[in-house]
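Hello,

Here is the structure I promised to pass on to you. Please have a look at it first, and then read my notes below.

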Amino acid sequence: MLQKLYDWVDERVDITPLWRDIADHEVPEHVNPAHHFSAFVYCFGGLTFFVTVIQILSGMFLTMYYVPDIENAWRSVYYLQTEVAHGQIVRGMHHWGASVVIVMLFLHTLRVFFQGAYKKPRELNWMVGVLLFFIMLGLGLTGYLLPWDNKAYFATQVTLEIAEKVPFIGEATKTLLAGDPNIVGAQTLTRFFAIHVFFLPAALFALMAVHFILIRKQGISGPL
Amino acid sequence: MSEKRQQVSRRQFLNYTLTGVGGFMAAGMLAPMVRFAIDPALQASTAGEFKAVEEVDNITEEPTRIDWEIEQVDAWYESTVTKTAWVYKDENGDIVALSPICKHLGCMVTWAGSDEYPDQFYCPCHDGRYYKDGENVPNTPPAEGLDFYEYKIEDGTLLLGPTKPRGEA
C-alpha cells in the first residue's frame, strides 16, 4: 500500500534521487561508534539538531495557550501548566530542552575545536556555527522572559542593564530591546515574544540550512 | 537455505528495528503534545447551570425580553456575560423560554421586531421570521425553529439553564 503510493508519486516526479541525496551516504569508519566507541563524540551535532526539533515542536504547541501580554502571560502559563492535560510535560520539554540544547551545542563545539575540524577548508562552517550558538543564546534569553514571573522579570532587568553598559550605543540598544527607555513592561514582553518566536527561529533555520549544506558539500573532516 | 523458512535479511532486520525504535521515540515525543493540543475538546462542559431570572407571576402571555448575567470562566479569563431569552406563558399557563439566536446565521431576533409582523419574532439580518411558539415561518431564511432554554421553577421563581434545539425537546 505505502509502496504503491510511493511508486505512484515517484513515477511522476522522480523523488528517489532527492531523498537518496539527503539520506543515502556512507558513514566513514572513524565516525562510526560501532568501530571505535570513542566516535560517540560525533553524535553531539546530531543531538543538538534533535533537541532543536523538540524545541520547535513543543514551542509550537505552547503558543496554542500562551498569550504575550503582561495581564495574561503568567495566567496563561499557569493555566496551561495546571489545567491542561500534559501541560506540565509539554512545558517541561521546552524548559529543560532549552538547557539541554545549549549543553549539546557546547559539547559539539568542543569536539570540533579539539579535533581541529574547523581548519581550512571548514572555517566558514565554524563561523556559521558560532552564529548559530549566539542565536541559541538569544532564544534562551528571550524565552526566559515569556512566563512573566519574578525570575523572568528580574533576569531581563539584569540583561537590559548589561546591554546598557555597552559604550555609545548602550542606551539605544536597551531602549530597542525593552521598547521603552525606563520601563520593563508591556512592550518588552511583546518584543521578546516576537524575537523569540519569529525573528530568531527564521535566522536559525536559514543558518542551519547553510551549516548542513556545507557539511554535506565538504564532507566530514578526516580521522585524527 | 530451505524455501519454507522465511529468512529475514540483516538489512531488513536493521530496517525494522530502526523504524520501530524511531517510531517509538517519535510517538513518545508527540503523544503529550497532541493530548495537550486536543485538551479543549475533552474538557467537561460547564454550561449546565441554572440561574434565577424572574418571578413567574410577572411573566405574561406577551413574549418579554429577559436579560441576566452569568459568570463565565474562559480558561484564565473570567468575565460576566449577559444572556438573553424571550419568555412568555402559553395558553396552558406553561412557561416558554426561547433563545434569541436566529437559526439562520446567528443574529438576534426580536419579538415584533418588524412593524409588518407585530405577532412574530423577526431577525433584521435577512428578514427571518418565527411564529410566537418559535417555529420558523416557511419561506423565510431559517430552516428550523428557535432553541428552547431549559427551565425550572423554584418557589415561584423562574430559573433558566442551557439551551437545547427543538429536535431534542
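How many residues of chain A are in contact with chain B, and how many of chain B with chain A? The model is predicted, and in it 15 residues of chain A touch 9 residues of chain B. On the chain A side, helix H3 (43-62), helix H4 (73-82) and helix H5 (87-114) each supply at least two residues. H3(A) gives the most, with 4 residues.

Helix H6 (residues 123-145) and helix H9 (residues 186-218) of chain A have their axes 9 Å apart and meet at an angle of about 160 degrees. Angles over 145 degrees count as roughly antiparallel, so that is how H6(A) and H9(A) run relative to each other. Their crossing is left-handed. The contact of H6(A) with H9(A) is made by 18 nonpolar and 7 polar residues, with no charged ones.

Chain B, for its part, has an open sheet of 3 strands in the order S5-S6-S7, with antiparallel pairing. Strand S5 (110-111) and strand S7 (128-130) of chain B are the edge strands, each pairing on one side only. S5(B) is joined to strand S6 (residues 121-123) of chain B by 2 bridges. If you want a place to start there, B:Thr110 has B:Tyr122 in S6(B) as its bridge partner.

How values were computed. Residues are numbered from 1 along each chain as its sequence is written. Chains are lettered from A and ligands numbered from 1 in the order in which they are written. This is a predicted model: local features need pLDDT of at least 70, side-chain atom pairs count only at pLDDT 80 or more; totals for chains, interfaces and linings use all residues. Axes are lines fitted to C-alpha atoms, for helices over the stretch in contact, and angles run from 0 to 180 degrees between N-to-C directions. Angles under 35 degrees count as roughly parallel, over 145 as roughly antiparallel, 65 to 115 as roughly perpendicular and the rest as oblique. A crossing is left-handed if the near helix is turned anticlockwise from the far one by less than a right angle, and right-handed if clockwise. Ala, Val, Leu, Ile, Met, Phe, Trp, Tyr, Cys and Pro count as nonpolar, Asp, Glu, Lys and Arg as charged, and the others, Gly among them, as polar. Two strands pair if DSSP finds at least two bridges between them. Two residues are in contact if their C-beta atoms, placed from the backbone, lie within 7 Å.
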